Structures are given as structure tokens and as C-alpha cells.
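User: I would like to go through a protein model with you, one residue at a time. Could you show it first?

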Amino acid sequence: MARLLVLVNSVVLLLFGSDMFLVGANRPPAPVNISVMHLRADSATVSWEVPEGDIIIGFSISQQRQDGHMQRFIREVNTTSRSCVLWDLEEETDYIIQVQSIGLYGESQASKKVHFRTLKKTDRFPSNSSNQDDPTVQGLDKSRHLQTGEMIIIVVVLVMWAAVIALFCRQYDIIKDNDSSNNKEKAKPSSERSTPEHHSGGLLRSKFHPSVPSINLIEV
């Protein structure tokens, strides 16, 4: 009986050990070339690389302050992203991060620890630390160009509308003045329009016709 129990325990340990070995062998390798870019006072971008030949379905990031306070874990699956933005950081604070890859059979070992320090709110972002080949930076540049183009189009449309409105108001004033003048002409009496006046204010009298003989009255 004792030998049977020993045999059963040996088989269980052998099966359990082989399963653990298979699971461990199928786990993806740890990420490499961890870097921190786009440092700000309250944010930073972490990027990494994954060795070829492994199926990666997500990542996990552990973030904590160097003094050991405020530890945070970020975990995303169903993604092929190789970068992540860390938000809500404190200015002038040292942080430590580690990245793990998530595969079909579990998570990889944690990567090497990476240290970085956030900037002051008054500090400008250093131009030489940005990666122009990074898709995030390219997307931001395209967004800026798009916003600038949209603003130019809006300004041009507003100027055109202002010109059309000004032209319409000008034409309306001209038509209104013409209508007012016509109404004044119609309001004058017909006698005023048909009978000419003398320059001294009186009506012009007809001149003496030479063909009509003059009659002299003789007193008796």
C-alpha cells in the first residue's frame, strides 16, 4: 500500500512538473529596449520591443515612485501596441517602471527596471528627446496641420460672407434711395409739374400776338 501511494505521488508530481515546464516554455520572452520618451511634468510615453516569433496579445506595466509609494498597474489585452502613455504623474518625481508581454499561455518575466524623472511644469519639452519616427508624434503633427488648415478655411469663408453681406446692404441702400426719389416725384401736384414758373416766382404770361389788331377806344 505504501509503495502504491509513493508511485501515485510520483506520477502526480511528474505530470504537474511537465505541465509547468510546458507552460513556462510557451510563455513569451520579456520585452527589451525599454525607453521613456516625451517627458512632461504630468505624463511620459513608454515604448519597448518584443522578440520576433512570439504571439503577443497584450502588455502589462508596473509603475511606482522610487520612494515606494503609489504603485500602479496598467494591463491591456487584444492589442499589438508597443507603447503606452503614463498619465497623472507628479512633477519632479522619480519613477520606476517594468513591462511584461502577455501571450496565449500567460505573461512573460518582467523586463529590466527603468528609471525616469518628470519635468517641472515651467520646463519646456526638450526637442532633441522627441522621436520623429514615433507614430504618436506624427499623429500630433498631422493634427496640428489639420487644425491650421481648418482655421484658414473658416477665416476665408467668414471673409467671403462678410463681403457678400456688405454688397447686399449697398445694393439695398441704392434701391431704397431710388424708390424714395420716385415716390417724391409722384407726390408733386400735376399743376406744379405742367405749368412752368417764372424765375421771379410768378406764372409766365403769354406774349402779345402780332397778328391780332389792337383796338383803340375813343371817348365820346
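User: Where is Trp161 found?

Analyst: Trp161 is found in helix H2, residues 135–187. Helices (H or I, at least four residues) and strands (E, at least two) are DSSP runs, numbered from the N terminus. Please note that this is a predicted model, in which local features need pLDDT of at least 70, side-chain atom pairs count only at pLDDT 80 or more, and totals for chains, interfaces and linings use all residues. Residues are numbered from 1 along each chain as its sequence is written, and side-chain values use heavy atoms, with hydrogens and water left out.

User: Is Trp161 buried or exposed?

Analyst: Trp161 is exposed, because its relative accessible area is 56%. Buried means under 20% relative accessible area, exposed over 50%, and partly exposed in between (1.4 Å probe, protein chains only).

User: What does UniProt list for residues 151–169?

Analyst: The unreviewed UniProt entry lists residues 151–169 as "transmembrane region". UniProt positions are given in the numbering used here, feature names are shortened, and annotations may be inferred rather than shown by experiment. In the model, residues 151–169 are 100% helix and 0% strand.

User: New topic. How many aromatic pairs are there?

Analyst: The count comes to 2 aromatic pairs. Rings of Phe, Tyr and Trp (its six-membered ring) pair if their centres lie within 6.5 Å; planes under 30 degrees apart count as stacked, over 60 as edge-to-face and the rest as tilted. One of the pairs is Tyr95 with Phe116, which is stacked, at 5.6 Å centre to centre and 20° between the planes. This pair links distant parts of the chain, since Tyr95 is in strand E6 and Phe116 is in strand E8 (residues 114–117), 21 residues apart.

User: Are Tyr95 and Phe116 buried or exposed?

Analyst: Both Tyr95 and Phe116 are buried.

User: Which strand holds Ser101, and what does Ser101 touch?

Analyst: Ser101 lies in strand E6, residues 94–103. Ser101 counts as buried because its relative accessibility is 1%. Leaving out residues up to four places away in sequence, Ser101 touches several residues, including Pro28, Val50, Ile56 and Glu107. Contact means heavy atoms within 4.5 Å.

User: And where does Ser43 lie?

Analyst: Ser43 lies in the loop between strand E1 (32–37) and strand E2 (44–49). Ser43 is buried because its relative accessible area is 8%. Ser43 touches His38, Leu86, Trp87 and Leu89, not counting residues up to four places away in sequence. The C-alpha atoms of Ser43 and Leu86 are separated by 5.3 Å, although these residues are 43 residues apart along the chain.
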